Amino acid sequence: MAQASMASVQAVSVPKGGLAHETRAALVVWEREMIRFSRDPARVISSIVQPLLFLFVLGGGLGSLVQAGTGGVDFKTFLFPGVLSMSVLFTAAFAGISMVWDREFGFLREMLVAPVSTTAILTGKCLGGASVATIQSLVVLALAGLVGVPYDPLMILELVVLLFIMSFMITALGLILASRVKQVQSAMPLVQMIITPLMFLSGALFPLSNLPGWLTVVTHINPMTYAVEPVRSAVFDRLAMSPEARAILDPGIWWGSYQVSVLVQVALVVVAALLLLWGAVKLFNRTE
Amino acid sequence: MNVSSGVTPAVEVRGLTKTFKTVEAVKGIDLTVYPGETFGFLGPNGAGKSTTIKILCTLADATSGTARVAGYDVAKERDAVRRSIGLVFQEPTLDGYLTAEQNLRFHGELYGVERISAAARRKEVLDMVGLTERRNDLVNNFSGGMRRRLEIARGLLHSPKVLFLDEPTIGLDPQTRASIWQYLNELHAREEITVFVTTHYMDEAENCDRIAIIDQGKIVALDTPAALKAAIGKDRVQIATADDAAAIAALKSVFGLEAQMVEGLVTFGVPEGAQFVPRLFEKLGVAIRSVAVHRPSLDDVFLAHTGTSLRDAEAMGSKFNPMAAARGGRR
């Protein structure tokens, strides 16, 4: 060990790697996302506008039209879980794709030349994206009372956890896109192109009952469906609603005659999230 | 300290090559850098400088050959190498939306710097580059020179054994360049560190203990700046004449000197140039409009070893690379 002979020098030692070091690295990547988020309040507002338009404008506008078919449930109430999911989608996808900007401005290099694994860095990024998206969704969650959803503490806790897992998955998906996209200009259109269909085909905006055959197939292979459905269950469990209305609005997910339980749905989303993260790590290791 | 024996070299490269598809960027490099040296790596753009430094920093794989940094093999002990080196790249790698202090904190956590000493170390490196008062400002509000200083501070944060700087002064004004070199020179007084720096500014290379000149993927000279200049043994004389072709012919026939056009001037080397000038006026037979005599500089060393002045090499490169032209305006 070189003796730090100059009195003024505070030489520091850098310990060998290991899980503790990897965790610190992931946490500081997460912290950076949080710092950047806190510096940019406009981001919260701009990403909340679209979900609110869906909830109040689409929900209000179509409400009278579909009232007959909802078993007396306000269409806005029906839309609420879907809009809640929507509110995290774009934010989380953006958090992932922001790696394209990190590459453009050189910061990706600072991260990737550090003596830590790519897994630690990308995990930190996913945790950051999930945290930011979940915090933003609280704004929508705060409006629950306006559409007849009670402020049940346990429901709110469940929703926060579910939205966090969903956001983690979507951030990982954003990272996969970011590994392939080299140009900043292409990043946002690509997110739109991928995320919009994922949202529309997830049952966020319509019930999964009585769909045309092709739409049934597509919604059932979309991982987002399995992320949105638990959110809807958590909300609908707290509503006073006739069994008939529930059957129409929230028929659950069926694989043939097997009804997929909420726990299995959540487990599927967790597996999908980890697979996407694993894929992103592989892609970043190969291309950067 | 006898640097040549019993000490693990800071950098040790043997038979290093790198081939991109069909292009041989690095054609077999050997070099040894001793602990505590400031080692300069000189060459025009495209000479293989950046490729070599990337291999040394574990950012690229060599096609063949070996390289050890701080005693660790760059291919087999990647993380150990990374813990032992500090990096300052040509391109900025700071987060402009974080403060200077936050950028350093981020780096310290990524490198696993012990928490107990991390804050003191951050303060110290900020002091060293004179940014303590601006530590809570967003990096986006920093000038180019300040950013580069912060990058140097960050490169030193985890007490690396070797600090790699790839063109650390590129795109900076002369005054800022001078101040960056002042920090680098002061470093040795404060830290036990080896500095490995690439540059294509010859005046900056004078700051190095030893320099290697790389041209077309090979090291063509390696020694102290003084020894390299002494080895030239000639002064450089540059003249502007009424008829350059006739002047070159006359230099050959009258004095037996090989002259060539460099930077638009008839240029040749001659021992004791100042004494030669009167004879030149007397016997050349071509009207001379101006004359300049230079003691040998590293530019001449470069010219002697590569057959082209660095500035001309830059100009040639700039036809293909507009960025090089933008950076080329030196002196």
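## Chain A at a glance

Chain A is built from 12 helices and two strands. This is a predicted model, so keep that in mind as you click around. Walk along the sequence of chain A and the order of elements reads α-α-α-α-α-α-α-α-α-α-α-β-β-α.

As for dimensions, the C-alpha trace of chain A covers about 85 × 35 × 35 Å along its principal axes. Chain A has 288 residues, and 42% of them are buried. If you take the contacts in chain A with a separation of 6 or more, 84% are between residues 24 or more positions apart.

## Where chain A meets chain B

How many residues does each chain bring to the contact? Chain A puts in 29 residues and chain B puts in 32 residues. On the chain A side, the elements giving two or more residues are α1 (19–38) and α5 (107–112). The top contributor there is α1(A), with seven residues.

## Strand β3 of chain B

Over in chain B, have a look at strand β3, residues 38–42. Five of its five residues are buried, so β3(B) is largely enclosed by the rest of the structure. Side chains in a regular strand alternate between the two faces of the sheet. In β3(B), both faces are covered: B:Thr38, B:Gly40 and B:Leu42 are buried on one side, and B:Phe39 and B:Phe41 are buried on the other.

Which strands does β3(B) pair with? One is β8(B), residues 194–199, which runs parallel to β3(B) and is joined to it by five bridges. Within that pairing, B:Thr38 sits opposite B:Val195. Another is β9(B), residues 210–215, also parallel, with four bridges. Here B:Gly40 has B:Ile211 as its bridge partner.

## A closer look at B:Val291

B:Val291 belongs to strand β14 of chain B, residues 288–294. Is B:Val291 buried or partly exposed? It counts as partly exposed, because it has 16 C-beta neighbours inside 10 Å, while a buried residue needs 20 or more.

Setting aside neighbours within four places in sequence, B:Val291 is in contact with B:Val237, B:Ile239 and B:Val277. For a sense of distance, take B:Leu131, which is 160 residues away along the chain: its C-alpha atom and that of B:Val291 are separated by 46 Å.

Methods. Residues are numbered from 1 along each chain as its sequence is written. Chains are lettered from A and ligands numbered from 1 in the order in which they are written. This is a predicted model: local features need pLDDT of at least 70, side-chain atom pairs count only at pLDDT 80 or more; totals for chains, interfaces and linings use all residues. A residue is buried if 20 or more other C-beta atoms lie within 10 Å of its own, exposed if 12 or fewer, and partly exposed in between; C-beta atoms are placed from the backbone. Two residues are in contact if their C-beta atoms, placed from the backbone, lie within 7 Å. Two strands pair if DSSP finds at least two bridges between them.
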